[in-house]
Amino acid sequence: MTRECAVLLPGVCAALADPRQPGLDDTCLEKLLDWFRSLTWFDPTVELVQDNPCLTELITSVLSLPEPSPSILSFTLQLAGILASSECRFQHLQQEKLLGRLFGQEGPRGGAAWEDASVRSAWVKGAHSMVHHQPALHFLCSTGGMDVIFTLQGDPSLFVASAASQLLVHMLSFSLESETSKPLSTKDCDWPACAQMIIKHIEESLQSSCASHIEQSLKLLTSLFGSCFGTCYAAWTEVLWLHIAKQIESFLLEETVQAQPVLANLLLNVARSSVYGGTEGSLWALVTSALEHLTPVQAGPLAVGLLKLCKCPQDVRIQALTVLLQPMDCILRAASQPLEYAGLLDESVSDPVTVESLLSSKTSCAGLLCQTLAHLEKLLSLKHLRVDLPCVSLLRSLMTILQFCNGFLSPASPLGSTISQNLINCFRVQKSALDVLAALSEKKGCDTLVGSLFDVLLAYLQSPNTSPTVLKKTFQATSKWLVHLQELSCSNSQWQQTEKILEDVFLVLQKRLCSPCWEVRDSSLEFLTAMVKCLRDQKEFRQCLLSSEVLRLTENLLEDPESYVRASAVTAVGHLAFITCFAPESPATDNQCNKENMIAKLQEILSTDSEGFPRRAVISIFTKWLREGCTGQLEDTEQFVSRVIQTVEHDLDWEVRLGGLELVEVFCNQTICQLSQCPYAPVTSAVTNSTPQNELLQVFCRAKLFGFLFRSLCDCDKPVGQRACDVLIGLRGHFYPMSTLENPQEIEDSPAGRGIACLQRTLRQGSLAQNFPTDGGDGVDFQDPESMMLALGAIDLLELHDELNKSSDHVEESPQSLLQDILATVGAIEDNEVDCY
């Protein structure tokens, strides 16, 4: 603790203990506790409380109040727990007889203050902070603290209940830290005293007739096995499992027990965490039993978790996959009668009637399918799945679901009719099914269904009943499958099928680009951009695109009344330019004309559009064009960049200005590569004045880059200044080896040097600078190569970089400032003494 803080602390403690003072903001109290946590973390000695008696005086004063406020009592409980986290400070507070009055039987847990959830929560947090040594653990066990924690597990406040459960996990783990021997048997005497109390409580609760007690203990066990306990104490974990395994098995078999939903998480955590000896087989037998006896909704999370486990036996893994595929299998079987295609499964894990009844119910059908589809999407995203998914049958099932949802399939079976009625226009299921459909595009073996799949997708794209959110998902799935289709065409020469599908897609896209709904127009443009990114090099795609009305309609949307749509149109037009303006096979004169027109259109949007989104899109597209070398020869690019940054410099949107800096950085790197002999290495002093270096400086000065970069250092938005500084440091690294930087004292006598010194002083003021140096007088000529070379070498850019990267609250959030603010809040010091913010 600094001397300044030690001087302020007594006043703060006195103010906190004074009931006449107004209550402090909870944020201030939390910051104060954070400060004490950091102090005690780095210094476990007793000096903190001995050198600052005001801390124990504060605790004593609060305890002597007849009715302390809940916030101050909560603060005191947590502070005492933090101070008692080291054994020597714990003993000091015990000698002062304070801990018993806070955490013991004579503490607040029996009074009116206990009714406030914040006090109960603070008691648990304080106890948790304290239990980092054996005396604290013994103290809680011997003063009735364990019973309090057990009771708080079922607290009506979820925050308190969760904190109590976490404290029990910590106490059980901590009580075993000093236990070096492995357990020899499953008897209670093998456990340390505190652990024995917790295990006994768990066993008694599991055997209780009270459902809430059973659920609390199952949740505690789930947390235990999910924490480091399961891996750090493998032998003890096995003993604990033997204590409870039979009881868990009985819960699975008793349908009357309401705790079954918790069992799936418990078994999954046990399987993840423990290292078993001879009991491993019994665990997997219990997991298998759970997959059979839990409902499909309860078993789903367990099944998908098991499929991600490396050590899960293959037979259990196959059973878990079967659980996930059962609803999809039921859909496929219900779609036609008699069965037209084979289902996904040869046999079920649980009774198929259970799944059929859930899908037949209006209330449970969508929920079960959405959960199942979400799990399947997770599995499809895994790089290494240790079971084979029946992708063809799964795809057929997804198509069936989507046809049920839009009413395009009339199943003959009674079950299919019921499911179809439940799913009609169900947006949730449509979106989930389309997500899985998109993920399946990367799997092999579905080639035979591609034609039927696009029939389903096109039906959704064409239907006026497709909601905008479902349409967006349909577009995303379609673009993924179009890429897959293109790969198939290349390998199988299925050109005619591909061409027909592309023509149908562009026809429906033309219609959607004219939709009265702006979300639909926006999604359509995003879809077009995604297609161009992936397929612009494919001849069939380019032909279909150029023969459609899509180009004209997209350009029209540059003037759309909705700014999001204009921004998406800019992005789409920017990517389409790689086909219409920058394609090598087009006539050079047409290319140049198209390119100039397109650049002019986008520059107009950049300078005149009233919304930020389209302007951000323009600067992003310009940067992409520059990166891909589409802006022409160096002279053309130089003029292009110069025009853009002169527009961007005055933009009110900081993200546009930041985009301008990215454009400048790309231009600098490309120009250095073109004109330098060794583009990736800093030059030596011998070639500093060589022709390429002078030419580089002249190009940058003509493009007016330096004025833009140096002014950006004083931008009121910090990310802009940081990026500008990074670019300038990069340029200096090219023009100057570190050993040859200019000496500011030596150059200040020249007129240019005085201007640069003035510029340095202005830059130090940052965003507070009022007058930026300009040409004339003591100004700086930002278009003079010699001056800019001097500026790069003399201005301390690293110092500026450090200042720009400092957090804005690096002063205000200091402990000293916090203590001053607390004293100011209670009126203990004059306003002008406070570092208030």
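The legends below describe an overview and several close-up views of a predicted model.

**Overview. The protein chain contains 43 helices and zero strands.** Of the 837 residues in the protein chain, 53% are buried. Among contacts with a separation of 6 or more, 71% join residues 24 or more positions apart.

**View A. Leu306 belongs to the largest nonpolar core.** This core has 276 residues. Leu306, Trp625, Phe700, Phe706 and Phe710 are the residues with the most contacts inside the core.

**View B. Helix 11 packs against helix 13 at an angle of about 50°.** Helix 11 covers residues 158–177 and helix 13 covers residues 211–226. Their axes are 10 Å apart. The angle makes helix 11 oblique to helix 13. The crossing of these two helices is right-handed. Helix 11 contributes Ser165, Leu168, Val169 and Leu172 to the contact, and helix 13 contributes Leu220, Ser223 and Leu224. Five of the residues in this contact are nonpolar, two are polar and none is charged.

**View C. Helix 8 and helix 10 cross at roughly 125°.** Helix 8 spans residues 117–130, helix 10 spans residues 145–152, and their axes come within 12 Å. The two helices are therefore oblique to each other. The crossing of helix 8 and helix 10 is left-handed. On helix 8, the contact is made by Arg120, Trp123 and Val124. On helix 10, Gly145, Val148, Ile149 and Leu152 take part. The residues of the contact of helix 8 with helix 10 comprise five nonpolar, one polar and one charged.

View D. Gln21 and Val826 are 805 residues apart along the chain, and their C-alpha atoms are separated by 6.3 Å.

**View E. Asn406 is a buried residue of helix 22.** Helix 22 runs over residues 391–406. Asn406 counts as buried because its relative accessibility is 17%, under the cut-off of 20%. Not counting residues up to four places away in sequence, Asn406 touches Ile424, Gln430, Ala459 and Tyr460.

**View F. Lys97 has a positive phi although it is not a glycine.** The phi value of Lys97 is about 55°. Lys97 lies in the loop between helix 6 (87–95) and helix 7 (99–103). With a relative accessible area of 63%, Lys97 is exposed.

**View G. Asn425 is a residue other than glycine with a positive phi.** Phi of Asn425 is near 60°. The loop that holds Asn425 lies between helix 23 (414–423) and helix 24 (427–440). Asn425 is partly exposed, its relative accessible area being 44%.

Key. Residues numbered from 1 in each chain as written. Predicted model: local features only at pLDDT ≥ 70, side-chain atom pairs only at ≥ 80, totals over all residues. Heavy atoms only, no water. Axes fitted to C-alpha atoms, helices over the stretch in contact; angles between N-to-C directions. Helix = DSSP H or I, 4+ residues; strand = E, 2+ residues; numbered from the N terminus. Parallel < 35°, antiparallel > 145°, perpendicular 65-115°, else oblique. Left-handed = near helix turned anticlockwise from the far one by under 90°. Contact = heavy atoms within 4.5 Å. Nonpolar A, V, L, I, M, F, W, Y, C, P; charged D, E, K, R; others polar. Buried < 20%, exposed > 50% of the residue type's maximum accessible area, 1.4 Å probe, protein only. Core = buried A, V, L, I, M, F, W, Y, C linked by side-chain atoms within 4.5 Å.
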